[in-house]
Amino acid sequence: MIHVLMSSDYLMLEAPREKEFITGSEAAKEAIRRANVDIAIAYPITPQSETMQQVGYLYAEGYIKDYYRGEEEIGVMSAVAGASRAGVRVLTATAGPGLMRGMEAIVSWPGARLPSVLLVMCRVVNTPLAIQPDNVEISYLLNAGGIVLHGENQQDFYDFPLAGFMTGEKPEVTLPVAVAVDGFFVTHARGWVNMPSEDLKLPPRNCYHEAVPMMDNENPPIRISRDAPIQKSNFISYQMHASWQQEIWAAQERAKKWLDRWLGGLIEIVNPKAKTMIVASGAAVSQSREAVRQGEEQGLDIGLIKVKSLRPFPGKELDEALDHADRIIVPEFNYIGWLSKEVKSAIKRSDRVVAGPRVFGGMTMPTELILETITGIKK
Amino acid sequence: MSLKTIQAAPGFQDYLPKEYQDLLEDGPFFQQRKVSELGSFKEALEEHPMCAGCAMTLFIRLCYIGFPSLEHTVICGTAGCGRLAITQGAVPFVYGNYGDTNAVATGLKRGLEIRFKDQPKDVVVMAGDGGLADIGFHAVMHSWFRKEKFTTIMLDNEVYGNTGGQDSGMTQKGMVMKMAPTGKKFEKMDMLGLAKTAGVAYTARIAPTNPTRVANTVRKAVLIAREVGPTFIQAYTSCNIEYAIPTPKVMDDARDVEKDRYGFQEYFSDDAKTYWEESEKERKRLRRAAKK
């Protein structure tokens with residue numbers, strides 16, 4: 001017997017939870033089981049495939065109303081746009097080159113104000129082609145206009161998709177949400193995940209309480225439809241397009257209070273008074289936690305800030321939490337260092353930021369590498 | 001939509017724009033209008049920014065008359081000339097990325113089926129030859145292979161008209177166009193043949209020379225898509241600008257092309273034929289019963 005909840009809060013904050021030792025893909029499946037998803041659209045790519053296969057099993061069990069394998073990512077991401085316009089709750093997932101292929105459709109979702117959840121299991125995107133972990137693809141999502149969350153572990157891959165559906169569908173938000181995790185480290189490894197009973201699920205999407213009308217022809221007829229082109233060369237058109245873009249980014253700001261509520265803050269701070277602070281997101285947080293512990297054994301006082309939400313970016317929160325710090329270390333699983341650039345642009349005295357260490361192309365990040373960056377001593 | 005939703009609250013009727021009042025009182029909603037009534041009711045599409053004499057515009061106007069439930073129809077389109085008119089129609093229009101129509105329509109149709117179990121919602125793709133045969137080709141083909149239940153209408157003007165006259169896959173071989181400076185090197189794509197191979201339930205090739213036939217064909221395609229499977233209409237809608245057809249001669253050209261290489265053709269799958277014959281029988285029976 002499935003209980004459709006009246007309140008999202010109960011599932012996220014109040015329902016008693018029990019621990020299970022499962023993979024990230026299984027954690028995402030358990031989130032989707034409870035997310036009251038109407039339609040899920042899949043396309044295989046490593047390391048994402050297993051998750052959407054698991055979601056397919058949920059469809060076979062009756063937890064999801066419709067599910068199919070699309071033709072490729074442009075087709076899938078476009079179909080997500082169609083389903084969201086119809087007013088149903090929609091899910092998809094992709095990874096690396098698949099995200100790049102679907103990007104034209106993905107960047108059109110926020111402007112069309114299309115709530116949905118996109119799971120992103122990061123991997124190498126650039127030539128030479130590989131399937132190894134590397135999260136450079138997140139940098140492309142940062143300018144897309146949608147909400148972007150970056151999960152550290154299996155627990156986050158359970159909690160963040162649920163928070164994503166609930167936040168994106170809020171009337172004042174009405175935006176798509178991407179939940180990224182670092183492939184393999186999270187998707188294929190096991191971790192402890194605290195979850196409420198599987199017979200609970202979120203209330204359904206309430207599409208008539210969102211920022212734009214649904215494309216279901218249940219509205220009074222008008223000559224210019226919601227998706228009309230604003231392509232004329234005049235200042236009214238320019239103004240319309242400009243204000244529309246501003247509104248997308250303003251909606252992200254309005255999402256902050258809901259992410260705060262359901263994720264327990266946009267950031268998490270460990271050892272807040274330390275003069276050396278690490279700022280990290282995704283799997284780099286786990287490695288940094290261990291580096292903090294090992295540093296403590298060596299008599300080093302190191303703090304850590306986990307960034308959960310990349311869009312909206314917690315710039316003010318970081319600025320305040322880092323104001324006392326002498327040095328700020330930003331370890332990352334990509335070559336370009338997108339997080340260090342974000343941090344530098346958000347805080348005062350950005351010369352305190354050490355943009356690294358960075359690993360990429362499938363490399364792991366030994367805790368020694370983080371400690372060496374802090375102490376400057378190579379072992 | 002329901003008639004109740006679109007009616008003005010008492011006392012506000014007079015303050016709504018005249019056009020809205022006309023659409024409610026004498027429009028195309030909740031009744032099947034006929035081509036013979038043109039000029040005597042408020043059409044879904046009236047003013048538009050299309051070129052003078054454009055055959056595509058005439059065809060689109062006739063489509064709006066053919067749709068069996070205009071009040072429950074959603075149109076998906078893409079970049080190109082057609083959307084300049086379709087956005088002015090009083091029916092919801094999804095203007096997506098170039099080439100995404102049949103993928104968007106897939107998600108839209110499936111989503112609407114989940115939400116509206118007892119009310120058929122007709123999704124119709126209306127886009128150009130470039131949007132459907134070139135950039136949107138994979139999405140079109142896969143929507144057909146998957147047997148998605150919506151209608152695809154190709155506004156085939158055999159050119160990228162909106163971007164200024166480049167050849168498309170549907171341009172005839174040998175035509176000198178902006179990106180075929182020595183003439184197009186390959187044959188016009190056989191989209192009707194591909195549709196049949198992909199298992200489309202009903203296909204039609206048509207030119208806008210016979211308005212009643214256009215409306216009836218569109219109605220047929222939408223009803224078969226609703227009940228049986230994907231349907232496809234390939235319509236010759238000439239570009240009088242890029243093909244330098246004098247405005248008063250546009251319909252002469254349509255008749256010539258129809259006679260030469262674009263004659264009316266339709267194909268039914270076995271399931272579609274059975275459905276259509278039975279529904280026609282039922283329609284005639286109801287008409288006879290109504291007379292008695």
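1. Let's start with the overall dimensions of chain B. A compact globule of 292 residues would have a radius of gyration near 19 Å, and chain B has 19 Å, so the two agree. (The radius of gyration is taken over C-alpha atoms, and the globule rule is 2.2 Å times the number of residues to the power 0.38.) Along the principal axes, the C-alpha atoms of chain B fill a box of roughly 65 × 45 × 40 Å.

2. Some housekeeping before going on. This is a predicted model, in which local features need pLDDT of at least 70 and side-chain atom pairs count only at pLDDT 80 or more, while totals for chains, interfaces and linings use all residues. Residues are numbered from 1 along each chain as its sequence is written, and chains are lettered from A and ligands numbered from 1 in the order in which they are written.

3. What is the secondary structure of chain B? It comes to 11 helices and seven strands. (Both are DSSP runs numbered from the N terminus: helices are H or I with at least four residues, strands are E with at least two.) Of the 292 residues in chain B, 49% are buried. (Buried takes 20 or more other C-beta atoms within 10 Å of the residue's own, exposed takes 12 or fewer, and partly exposed is in between; the C-beta atoms are placed from the backbone.) Among contacts in chain B with a separation of 6 or more, 67% link residues 24 or more positions apart. (Contact is when two C-beta atoms, placed from the backbone, lie within 7 Å.)

4. Now the sheet of chain B. Seven strands make an open sheet in the order 2-1-3-4-6-5-7, with mixed pairing. (Strands pair if DSSP finds at least two bridges between them.) At the edges sit strand 2 and strand 7 (265-268) of chain B, each pairing on one side only. From one strand to the next, the twist averages 15°. (Axes are lines fitted to C-alpha atoms, for helices over the stretch in contact, and angles run from 0 to 180 degrees between N-to-C directions.) Strand 7 of chain B pairs with strand 5 (residues 202-206) of chain B in the antiparallel sense over four bridges; Tyr202(B) stands opposite Phe268(B) there.

5. Chain A has an open sheet too: seven strands in the order 4-3-5-6-8-7-14, with mixed pairing. Its edge strands are strand 4 (66-69) and strand 14 (309-311) of chain A, and each pairs on one side only. Neighbouring strands of this sheet are turned by 20° against each other on average, direction ignored. Inside the sheet, strand 6 (residues 117-122) and strand 8 (residues 177-182) of chain A run parallel and are joined by six bridges, with Val120(A) opposite Ala180(A).

6. Where do the two chains meet? The contact takes 35 residues from chain B and 36 residues from chain A. On the chain B side, the elements that each supply at least two residues include strand 1 (73-77), helix 5 (101-115) and helix 7 (137-145). Helix 5 of chain B gives the largest share, 11 residues. By class, that side of chain B has 17 nonpolar, 12 polar and six charged residues. (Nonpolar means Ala, Val, Leu, Ile, Met, Phe, Trp, Tyr, Cys and Pro; charged means Asp, Glu, Lys and Arg; the others, Gly among them, count as polar.)

7. Ala105(B) is worth a click. This residue lies in helix 5 of chain B and counts as buried because it has 31 C-beta neighbours inside 10 Å. Leaving aside neighbours within four places in sequence, Ala105(B) is in contact with residues including Gly82(A), Cys76(B) and Phe150(B).

8. Gly87(A) follows helix 4 of chain A, with a positive phi near 95°.

9. Finally, some backbone details. A cis peptide bond with omega about 0° joins Arg311(A) and Pro312(A); another cis bond runs from Gly356(A) to Pro357(A), with omega near 5°. Lys147(B) is a residue other than glycine with a positive phi, near 65°, and counts as partly exposed because it has 13 C-beta neighbours inside 10 Å.
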